[in-house]
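Hi everyone, thanks for coming. Today I'd like to walk you through one structure, with a look at its strands and its core.

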Amino acid sequence: MGVRRKQGWLSALSLTDDHGVALSGVIDHRLTRRALINEYRRGRLRRDQVCDAHPDLVRAARNFGDETEVRCPICVDDNVVLVSYVFGPRLPSHGRCITRPDELEEFRRLAARTRGGDYTAYVVEACRKCGWHHLLRSLPMASPQAGAHRQAQ
Ligand SMILES: [Zn+2]
């Protein structure tokens, strides 16, 4: 695959190593992404159906997005950036946008401390130009054994 990223701080969230081996508890959404892009290219989806990022996400992408070298698959005008959100106990229902690299590490420590504390990180790719966005992957932030009890949602 031609998806190469700079070593941004979000690469710490990588769910696969360079050989594509998935880590436990991590859900990869890249296949859905590819299917969606194909539908768009075949004309079965309109641009406004795939480029409908919420204003909050667009703002987060502009301010906190982790740069990539991946061209936006829709407008091909800008590179997509990665934005991550953490969901879990005592966090807002729409999740908490990660704005600093060390914040993720704080959540990881918190998840390890609070046994059963169910923190999940969601990584979204977004285009700052056209509003294309897609969930790339979700991964439990707790210890591996806690990840085993992941609920199907
Ligand atoms: Zn775009």
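Before we start, one term: we say that two strands pair if DSSP finds at least two bridges between them. Please also keep in mind that this is a predicted model.

With that in hand, let's look at β5 and β6. They pair in the antiparallel sense, over 7 bridges. To see one of these bridges, find Val-123, whose partner in β6 is Arg-137. The hairpin of β5 and β6 has 6 residues between the strands, and there Gly-131 takes a positive phi near 90°.

Now for the other partner of β5. β3 and β5 also pair in the antiparallel sense, again over 7 bridges. Here Tyr-85 has Tyr-122 in β5 as its bridge partner.

So is β5 buried or exposed? Of its 7 residues, 6 are buried, so β5 is largely enclosed by the rest of the structure.

In soluble globular proteins, nonpolar side chains tend to be buried together. The largest nonpolar core here has 24 residues, and those touching the most other members are Val-81, Val-83, Val-86, Ala-126, Cys-127 and Met-141. Two or more residues each come from α3, β3, α4, β5 and β6. Which element gives the largest share? It's β3, with 6 residues.

Finally, let's zoom in on Met-141. Setting aside neighbours within four places in sequence, Met-141 is in contact with Val-86, Phe-107, Arg-108, Ala-111, Tyr-119, Thr-120 and Ala-121.

Methods
Residues are numbered from 1 along each chain as its sequence is written. This is a predicted model: local features need pLDDT of at least 70, side-chain atom pairs count only at pLDDT 80 or more; totals for chains, interfaces and linings use all residues. A nonpolar core is a set of buried Ala, Val, Leu, Ile, Met, Phe, Trp, Tyr and Cys residues joined through C-beta atoms within 7 Å. A residue is buried if 20 or more other C-beta atoms lie within 10 Å of its own, exposed if 12 or fewer, and partly exposed in between; C-beta atoms are placed from the backbone. Helices (H or I, at least four residues) and strands (E, at least two) are DSSP runs, numbered from the N terminus. Two residues are in contact if their C-beta atoms, placed from the backbone, lie within 7 Å.
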